[in-house]
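This report covers a pocket and the aromatic pairs in one protein model. Look at the structure first.

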Amino acid sequence: MQAITVRDRSAGLAGLSLTEVPYPRAAENDVIVRVHAAGFTRGELDWPATWSDRAGRDRTPSVPGHDVSGVVAELGYGTTGLTVGQRVFGVTDWARNGALAEYVAVEARNLAPLPDRPS
């Protein structure tokens, strides 16, 4: 799977690169979203969570971009309220990989259904 990743905090935007990364795994209450659109804020590269997890461990290479819109591709164990194939939008967790990728794991509670397309 391809994603935009960052590895070097001092490189700024020049440090973004297209990289092969593993397909995300859905944890309990997670959803795997096939990304159709993602947002990136330049300031994300300055956020501590871009570079380390909640325990303070290095998590590079990391995937920025935390606003997401797409289609539910997979449901993690215990996930309710969403279905495979459903169009959704939301925000990914800052201490996990973001949405500048083909697929992203997102906590279901951070997603909302998009309305049906008009006919």
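The model is predicted, so local features need pLDDT of at least 70 and side-chain atom pairs count only at pLDDT 80 or more, while totals for chains, interfaces and linings use all residues. Residues are numbered from 1 along each chain as its sequence is written, and side-chain values use heavy atoms, without hydrogens and water.

Rings of Phe, Tyr and Trp (its six-membered ring) pair if their centres lie within 6.5 Å; planes under 30 degrees apart are stacked, over 60 edge-to-face and the rest tilted. The count comes to 2 aromatic pairs.

| Pair | Distance of centres | Angle of planes | Class |
|---|---|---|---|
| tyrosine 23 and tyrosine 103 | 5.1 Å | 55 degrees | tilted |
| tryptophan 47 and tryptophan 94 | 6.1 Å | 50 degrees | tilted |

Tyrosine 23 lies in the loop between strand 2 (16–20) and strand 3 (30–39) and tyrosine 103 in strand 6, so this pair ties together parts 80 residues apart in sequence. Strands here are DSSP runs (E, at least two residues), numbered from the N terminus. Tyrosine 23 is partly exposed at 37% relative accessible area, as is tyrosine 103 at 24%. Partly exposed lies between buried (under 20%) and exposed (over 50%), with a 1.4 Å probe and protein chains only.

The largest pocket has a volume of about 310 Å³. A pocket is an open set of points on a 1 Å grid where a 1.4 Å probe fits, with protein on both sides within 12 Å along at least five of seven lines; lining residues have an atom within 4 Å of a point. The volume is the space filled by probe spheres set on the points. The lining has 17 residues, with Val21, Pro22, Pro24, Val63 and Asn97 nearest the centre. Strand 6 (residues 103–107) gives the largest share of the lining, 3 residues.

Methods: Helices (H or I, at least four residues) and strands (E, at least two) are DSSP runs, numbered from the N terminus.
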